[in-house]
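Subject: Structure handover

Hello,

Please find the structure below. My notes on it follow.

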Amino acid sequence: MSFNIDTVGEGLTDAVTEAFENMAFVEVESCEDVESLPSGIDAYCVTVDTLEPFKSKVAIIVDREASEELVLDMYGGDIEEVNEEIMSDALAEIGNTVVGRFLSHVVDEGEEFSLGFPECEPYDEKKYGRKKDDKTRLYDLDLEEYHIYCILESRN
């Protein structure tokens, strides 16, 4: 499969929209292709590599406060306290779901795909504060009360 970052970008934003609407019950109001990410974001960053049929890295950046609300919604309020381990595991699961859906959107039916293990860590602007370029696309998804930012980076 040939990889065109502009063509598959829509598949990523569709997958993020579906995942957050189905897993966290929040509606994505708009999605914009942006030139850069805002500075000073206090957030978690989940990354997942796609391995086949093309190589890319997907990063999903979720505001720290919004992350806790998302995790509570995912658990249906059945946990008393959201600690770092629960937060990391839940956000990694969201990342895994998003990238799995992303690949199912952009890969031809019947074609196999694979992805790496999700990793979740505090957002580091120096590490992930990229600007749009030939191999990188940035997306700003406006949810009801916060924003989710996505980075799609071609590794081909």
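A salt bridge here is a side-chain nitrogen of Lys or Arg within 4 Å of a carboxyl oxygen of Asp or Glu. This is a predicted model, in which local features need pLDDT of at least 70 and side-chain atom pairs count only at pLDDT 80 or more, while totals for chains, interfaces and linings use all residues. Residues are numbered from 1 along each chain as its sequence is written, and side-chain values use heavy atoms, with hydrogens and water left out.

Salt bridges

The structure holds seven salt bridges. One of them pairs Lys127 with Glu121, at 3.1 Å from N to O. Both residues are partly exposed (buried is under 20% relative accessible area, exposed over 50%, partly exposed in between; 1.4 Å probe, protein chains only): Lys127 has a relative accessible area of 44% and Glu121 has 26%. Salt bridges with shared partners also join Asp33, Glu35 and Lys132 into one network.

Arg101 and Glu18 form a salt bridge at 3.7 Å, N to O. This pair links distant parts of the chain, with Arg101 in helix H3 (residues 84-106) and Glu18 in helix H1, 83 residues apart. Helices (H or I, at least four residues) and strands (E, at least two) are DSSP runs, numbered from the N terminus. Lys57 and Asp49 make another salt bridge, their closest N and O atoms being 3.0 Å apart. Lys57 counts as buried because its relative accessibility is 17%, whereas Asp49 is partly exposed at 26%.

Thr136 and Lys131

Thr136 lies in strand S6 (residues 136-143) and is buried, with a relative accessible area of 4%. Lys131 sits in the loop between helix H4 (125-128) and S6 and is exposed at 57%. The two are in contact (heavy atoms within 4.5 Å). Leaving aside neighbours within four places in sequence, Lys131 also touches Glu35, Ser36 and Leu138. The C-alpha atoms of Lys131 and Glu35 are 5.8 Å apart, although 96 residues separate them along the chain.

Cis peptide

The peptide bond between Glu52 and Pro53 is cis, with omega about 5°. Pro53 belongs to the loop between strand S2 (43-52) and strand S3 (56-63).

Regards
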